[in-house]
Amino acid sequence: MNASIRTALFALTLPLATAALAQSQAPIQVEADRLDLDQRAGTAVYSGNVDIRQGEMQLRGERVEIQRNDAGELSQAIATGERAYLRNQLEDQDTPMEGWARRIIYHVAERRVELIDQAELTQQGDRFQGGRLEYFIDQEVVQARSDVNGSDNQRIRMTLQPEQ
C-alpha cells in the first residue's frame with residue numbers, strides 16, 4: 001500500500017479514534033441504590049435503578065456488573081433488567097444510538113455491544129429487533145439473530161429509513 005493511501009486511511013480513522021479515546025478517558029459517574037465491590041476480583045456490582053454515564057455514553061439497568069482487567073482498566077459492563085438501556089452519541093451523528101434488552105453486555109476494548117433477549121436497537125432512524133443483536137460501535141455494524149439461550153426464538157424485524 002503506498003504512503004499516500006496509508007495517510008488518507010489514517011486521516012479518516014483519526015477523528016473516530018480520538019473521539020473514542022476522549023470518551024474512554026472521561027470520568028465515570030454512577031448512581032445506584034446499592035454497591036457490592038470486590039477489589040481483588042476487580043468487580044463492582046451495582047443494583048437498584050442503576051445509571052452509569054461516561055462522556056456521551058449511558059448505561060441503565062436494575063443491576064450492572066462492572067469488570068476490570070488485570071491492569072485495572074474497565075473491560076466489561078453487564079446491565080440486566082426488564083428493559084436495560086444503552087445510549088451512545090457518536091460525534092459524527094445527529095441522533096444517538098439507543099438499545100434496549102433484558103441483558104446488555106458492553107465489551108469496552110472491542111467497542112462492541114451485545115443486546116440479548118427482547119433486543120432492540122435504533123440508529124439514525126433505522127430500527128432492529130430480535131433475540132440477540134450485536135453492535136460494533138466504530139464500524140457501525142449490526143448483526144441480528146433470532147435465537148436466545150433458554151427462550152423462544154424472537155424473530156428479527158428491521159425498519160430501514162431510505163437514503164436522504
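I took buried to mean under 20% relative accessible area, exposed over 50%, and partly exposed in between, with a 1.4 Å probe and protein chains only. Strands are DSSP runs of E of at least two residues, numbered from the N terminus.

**Entry 1, the model.** I am working on a predicted model, in which local features need pLDDT of at least 70 and side-chain atom pairs count only at pLDDT 80 or more, while totals for chains, interfaces and linings use all residues. Residues are numbered from 1 along each chain as its sequence is written, and side-chain values use heavy atoms, with hydrogens and water left out.

**Entry 2, strand S7.** I looked up S7, residues 112–123, and found eleven of its twelve residues buried. I counted two strands as paired if DSSP finds at least two bridges between them. S7 runs antiparallel to S6 (residues 97–107), and eight bridges join the two. Across this pair, tryptophan 100 faces glutamate 120 of S7. The S6–S7 hairpin has four residues between its strands, and arginine 111 there has a positive phi near 50°.

With S8 (residues 126–136), S7 also pairs in the antiparallel sense, over ten bridges. I noted alanine 119 opposite glycine 130 of S8. Two residues separate the strands in the S7–S8 hairpin, where glutamine 124 takes a positive phi near 50°.

I used nonpolar core for a set of buried Ala, Val, Leu, Ile, Met, Phe, Trp, Tyr and Cys residues joined through side-chain atoms within 4.5 Å. The largest such core holds 28 residues, and Ile66, Ile104, Val113 and Leu115 have the most contacts inside it. S3, S4 (57–68), S5 (74–88), S6, S7 and S8 each supply at least two residues of this core. S5 gives the most, five residues. In soluble globular proteins, nonpolar side chains tend to be buried together.

I found glutamine 54 in strand S3, residues 43–54. Is glutamine 54 buried or exposed? Glutamine 54 counts as buried because its relative accessible area is 15%. I then followed its side chain, which reaches the backbone oxygen of alanine 26 at 2.9 Å.

Methionine 158 sits in strand S10, residues 157–159. Methionine 158 has 53% relative accessibility, so I list this residue as exposed.

Technical notes
Polar contact = N/O pair within 3.5 Å; in protein donor to acceptor, adjacent residues only side chain to side chain.
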